[in-house]
Amino acid sequence: AVLGRYRGQAVAWSVVNEPMREDAFWRKRMGEDWIEQALRFAHEADPKATLLLNEYGIERGPKDGERWKKFYGLVKSMKAKGVPIHAVGFQSYFDSSTNLADVDDGMKLFADLGVKVHVTELAVRVHTASPSSQQLQEQAAIYRSVLKTCLAAPNCEVMTVFGVTDKLHWLVLSGNPEAPVLFDQQYRPKPAYHALLDEFEKAGIRQ
């Protein structure tokens, strides 16, 4: 009903969020192929929209082990059967331990399948509510690197920072000592905000 109402107006739909979870509710009512059915129904409702599966813990490609293997296998099997799956969402909760080369490798493997990548929930964790100047600069460098990785990948077409201010981010509201997004608790732009603007400028992308 929602897809039909906004038919032709949405660029993309996240049809199934976190499909790797065991979802007994939909499996019981629709069968083992419920993800495939959801994608086909969505395509019928809005045939011009990009349809994606959004998942966490698969951003590092094969380095994410069994979780990546299962998710990649799911998408590959869907493509082989002609199911309308156009993109995958990398939820992308990164920190200083993230190797962006691994993320790039994962994007390339989906490119080989003819599948696009959307960076859908980008947040860069610093694991403290009061980051130092050095931590803020490190955070900015990671945001910059993610953007550069996406811009360089032929199949990465969307990068969405998940939230506006640290004050209202779900990680913070859940009790985690964090400052993960582009604006601080007082809504002031952080170094990460300026780093992204600078990178867009270097890439010739302007408002």
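Predicted model: local features only at pLDDT ≥ 70, side-chain atom pairs only at ≥ 80, totals over all residues.

Guide: Residues are numbered from 1 along each chain as its sequence is written, and side-chain values use heavy atoms, with hydrogens and water left out.

Visitor: How many helices and strands does the protein have, and in what order do the elements run?

Guide: Helices (H or I, at least four residues) and strands (E, at least two) are DSSP runs, numbered from the N terminus. Here there are eight helices and six strands, and from the N terminus on their order is α-β-α-α-β-α-β-β-α-β-α-β-α-α. The radius of gyration (taken over C-alpha atoms) is 18 Å, close to the 17 Å that the globule rule (2.2 Å times the number of residues to the power 0.38) gives for 207 residues, so the protein is as compact as a globular protein of that length. Along the principal axes, the C-alpha atoms fill a box of roughly 50 × 35 × 35 Å.

Visitor: What percentage of the residues is buried?

Guide: Buried means under 20% relative accessible area, exposed over 50%, and partly exposed in between, with a 1.4 Å probe and protein chains only. Buried residues make up 43% of the 207 residues.

Visitor: Which residues have the most contacts inside the largest nonpolar core?

Guide: A nonpolar core is a set of buried Ala, Val, Leu, Ile, Met, Phe, Trp, Tyr and Cys residues joined through side-chain atoms within 4.5 Å. The largest such core has 47 residues, and those with the most contacts inside it are Leu53, Val75, Phe110 and Tyr143. Contact means heavy atoms within 4.5 Å. Not counting residues up to four places away in sequence, the residues that Tyr143 touches include Leu122, Val161, Pro180, Ala192 and Leu196.

Visitor: How do helix α6 and helix α8 pack?

Guide: Two packed helices are described by the angle between their axes and the distance between the axes. Axes are lines fitted to C-alpha atoms, for helices over the stretch in contact, and angles run from 0 to 180 degrees between N-to-C directions. Helix α6 (residues 133–152) and helix α8 (residues 191–202) pack at about 30 degrees, with axes 8 Å apart. Among the residues that make the contact are Tyr143 and Leu147 of α6, and Ala192 and Leu196 of α8.

Visitor: Where is glutamate 18, and is this residue buried or exposed?

Guide: Glutamate 18 lies in the loop between β1 (12–17) and α2 (24–30). Its relative accessibility of 17% counts as buried, and its phi is near 55 degrees, a positive value in a residue other than glycine. Serine 92, in the loop between β3 (87–90) and β4 (93–94), also has a positive phi, about 65 degrees, although it is not a glycine. Serine 92 is buried, at 1% relative accessible area.

Visitor: What does alanine 45 contact beyond its neighbours in sequence?

Guide: Alanine 45 belongs to helix α3 (residues 34–45) and is partly exposed at 21%. Leaving aside neighbours within four places in sequence, alanine 45 is in contact with Leu3, Gly4 and Arg7.
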